[in-house]
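Welcome, and please take a moment to look over the sequence and the model before reading on. We will go through this structure step by step.

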Amino acid sequence: QVQLVESGGGSVQPGGSLRLSCAASGGIFSINAMGWYRQALGKERELVARITSGDSTNYGDSVKGRFTISRDNAKNTAYLQMNSLKPEDTAVYYCNVDSGEDDYWGQGNQVTVSS
């Protein structure tokens, strides 16, 4: 059974930094891409960042230049470094794994940016 274990998140003041991680295990033989989506209250889920097995990346427009995604293929783990956080980054962040056959989602981590 596929499991995604997320860590990181929490509360931070504007301008601060946080790091998210997502480790995939169990039943995934290959991973095309890993990434994060986020959903703020009253809004639709949106792409934050995504990285493929070949290390190609793409970012949501609102986080470009502030967030950096990376991955450790040997550990099936992805990382999201979030810098210069803004109040509008407040949301639940969901890890996503695309195996090519299925999409898997983590349980979500709350990120709150507030003074």
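Predicted model: local features only at pLDDT ≥ 70, side-chain atom pairs only at ≥ 80, totals over all residues.

**A walk through the model**

Residues are numbered from 1 along each chain as its sequence is written, and side-chain values use heavy atoms, with hydrogens and water left out.

F67 also belongs to the largest nonpolar core, which has 26 residues; W36, V48, F67, L80, M82, Y93 and V97 are the members that touch the most others. Two or more residues of this core come from each of β3, β4, β5, β7 (67–72), β8 (77–82), β9 and β11 (109–113). A nonpolar core is a set of buried Ala, Val, Leu, Ile, Met, Phe, Trp, Tyr and Cys residues joined through side-chain atoms within 4.5 Å. Buried means under 20% relative accessible area, exposed over 50%, and partly exposed in between (1.4 Å probe, protein chains only). Strands (E, at least two residues) are DSSP runs, numbered from the N terminus, as are helices (H or I, at least four).

Next, follow the strands β4 and β5. Strand β4 (residues 33–39) pairs with strand β5 (residues 46–52) in the antiparallel sense over six bridges; two strands pair if DSSP finds at least two bridges between them. Y37 has L47 in β5 as its bridge partner. Six residues lie between the strands of this hairpin, and G42 in the turn has a positive phi of about 80°. Moving on, β5 pairs with strand β6 (residues 57–59), again in the antiparallel sense, with three bridges. There, I51 has T57 in β6 as its bridge partner. The hairpin of β5 and β6 has four residues between the strands, and D55 takes a positive phi near 70°.

Now turn to strand β3 (residues 18–25), where S21 lies. Is S21 buried or exposed? S21 counts as buried because its relative accessibility is 16%. Its side chain makes a polar contact (a pair of N or O atoms within 3.5 Å; within protein, one must be able to donate a hydrogen and the other to accept it, and residues adjacent in sequence count only if both atoms are side-chain atoms) with the side chain of S7, at 2.4 Å.

Finally, a disulfide (a pair of cysteine sulfur atoms within 2.5 Å) joins C22 to C95, with S to S 1.9 Å. The pair links distant parts of the chain, C22 in strand β3 and C95 in strand β9 (residues 91–98), 73 residues apart. Both cysteines, C22 and C95, are buried.
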